[in-house]
Amino acid sequence: MKVFLPAKASQRKQRINELAQLQATWVVYESTHRIIDCLEDMQQVLQNETQVVVARELTKRFETVLSGSASELLERLQDEPIQQKGEFVVLVEGKVESAHTENEIPADVLHILQTLQTELPVKQAASLTAKISGLKKNLLYKVALSNKGS
């Protein structure tokens, strides 16, 4: 889906929130003077794991393609003001349906998480378990927090 986002921040955030529910990748055309605002709004609305690509000056001499989370891209553009110039095409990963719910996490993965939690902070235990198992870190973090409360 290709769109132009509204100029006003509140309307732009609302539209980003609507688009974030799509499972398909969506494309936004953005101008030089609004790219930072757009990425700030995406940072607030999107999950940090959502992948975003910012393509600048496509088919031109100074074409640049950057990818990462909205937060990473925002930081990069703020650190390099030259990257804020030009015409932008922003591609945003569609909503990824989690393959697992809390009840579907394999017992061996839960055991790893619980073992790591005895020695590490919750965030670190969830992160390491995600690397080992391939499951989403956010899901494991939520499970770890609920285990901590038990």
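Visitor: Which residues line the second largest pocket?

Guide: Asn-48, Glu-49, Lys-123, Ala-126, Ser-127, Lys-137, Asn-138 and Tyr-141 do. This is a predicted model, where local features need pLDDT of at least 70 and side-chain atom pairs pLDDT 80 or more, while totals for chains, interfaces and linings use all residues. Residues are numbered from 1 along each chain, and side-chain values use heavy atoms, without hydrogens or water.

Visitor: What makes Tyr-141 a lining residue of that pocket?

Guide: Tyr-141 is in the lining, so it has an atom within 4 Å of a pocket point (1 Å grid; an open set with protein on both sides within 12 Å along at least five of seven lines). Helices α5 (122-133) and α6 (137-149) each give two or more residues to this lining.

Visitor: Why is β2 called largely enclosed?

Guide: Four of its five residues are buried, so the rest of the structure largely encloses β2. Buried means under 20% relative accessible area with a 1.4 Å probe.

Visitor: How do you know that β1 and β2 pair?

Guide: Pairing takes at least two DSSP bridges; β1 (residues 2-4) and β2 have three, in the parallel sense, so they qualify. Val-3 has Val-28 of β2 as its bridge partner.

Visitor: What makes the largest nonpolar core a core?

Guide: Its 23 residues, including Leu-5, Trp-26, Met-42 and Val-90, count as a core because they are buried Ala, Val, Leu, Ile, Met, Phe, Trp, Tyr or Cys joined through side-chain atoms within 4.5 Å. The largest share, five residues, comes from α2. Another core lies apart, with 13 residues, among them Ala-130 and Leu-140.

Key:
On a 1 Å grid over the protein atoms alone, a cavity is a set of points where a 1.4 Å probe fits but cannot get out, and a pocket is an open set with protein on both sides within 12 Å along at least five of seven lines; lining residues have an atom within 4 Å of a point. Buried means under 20% relative accessible area, exposed over 50%, partly exposed in between (1.4 Å probe, protein chains only).
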